[in-house]
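Visitor: I have a chain open here and would like a quick walk through it. Can we start with the display?

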Amino acid sequence: MRIEAYNQVAQLYQGSKSGKTQKVSGMTAGRDEVTISRAGYDYQIAKQAVAEASDIREDKVANLKSRVESGNYKVDSGDFASKLLEKYNALQK
């Protein structure tokens with residue numbers, strides 16, 4: 001039988017239990033603390049400001065809308081074509 005091996009293992013575990021329960025002096029118990037760096041705080045503020053900002057610039061939209069409705073908004077076809085080709089070429093790279 002292998003009872004002797006079991007006894008040896010049991011002795012190892014009993015010896016290590018007393019070593020794990022030592023009390024460390026000088027430590028405060030029951031309080032964890034987290035500190036956020038200044039860069040992290042600034043990032044959090046910037047992220048919040050972007051989230052609160054509107055995706056649509058109402059002043060630009062209102063100006064263009066009034067010009068289109070009044071018939072004063074004219075698009076140069078040459079400018080439109082060059083911008084379209086510029087965007088197309090940028091996507092091809």
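**A patch, a salt bridge and the helices**

Guide: A place to begin is tyrosine 73, which is partly exposed because its relative accessibility is 36%. Keep in mind that this is a predicted model.

Visitor: Where is tyrosine 73 found?

Guide: Tyrosine 73 sits in the loop between α3 and α4.

Visitor: Which residues make the nonpolar surface patch?

Guide: The patch is made by Leu64, Val68, Tyr73, Val75, Phe80 and Leu84, and covers about 580 Å². Two or more of its residues come from α3 (58–70), and two or more from α4 (77–92).

Visitor: What follows α3?

Guide: Glycine 71 follows α3, and its phi is positive, near 85°.

Visitor: Back up a bit. How many helices and strands are in the chain?

Guide: The chain has four helices and zero strands. Read from the N terminus, the order is α-α-α-α.

Visitor: How far does α3 reach from its first C-alpha to its last?

Guide: α3 spans 18 Å with 13 residues, close to the 18 Å expected at 1.5 Å a residue.

Visitor: And α4, how far does that one reach?

Guide: α4 has 16 residues and spans 23 Å between its first C-alpha and its last, where 22 Å is expected at 1.5 Å a residue.

Visitor: Why does α4 lie largely in the open?

Guide: Because zero of the 16 residues of α4 are buried. The cut-off for buried is under 20% relative accessible area.

Visitor: What share of the chain counts as buried?

Guide: Of its 93 residues, 0% count as buried. The chain exposes about 9,800 Å², and 55% of that comes from carbon and sulfur atoms.

Visitor: Switching to charges. How many salt bridges does a search of the whole structure find?

Guide: The search finds one. It joins the side chains of arginine 38 and aspartate 42, at 3.5 Å from N to O.

Visitor: Which helix do arginine 38 and aspartate 42 lie in?

Guide: Both are in helix α2 (residues 38–52), four residues apart, which is about one turn of the helix.

Visitor: Arginine 38, buried or exposed?

Guide: Arginine 38 is exposed, since its relative accessible area is 59% and the cut-off for exposed is over 50%. Aspartate 42 is at 37% relative accessibility, so it counts as partly exposed.

Definitions and conventions: Residues numbered from 1 in each chain as written. Predicted model: local features only at pLDDT ≥ 70, side-chain atom pairs only at ≥ 80, totals over all residues. Heavy atoms only, no water. Patch = residues over 30% accessible without salt bridge, like charges linked within 9 Å, V, L, I, M, F, W, Y side chains within 5 Å. Areas by Shrake-Rupley, 256 points an atom, 1.4 Å probe, with all protein chains shown as cover. Salt bridge = Lys/Arg side-chain N within 4 Å of Asp/Glu carboxyl O. Buried < 20%, exposed > 50% of the residue type's maximum accessible area, 1.4 Å probe, protein only. Expected span 1.5 Å × (residues − 1).
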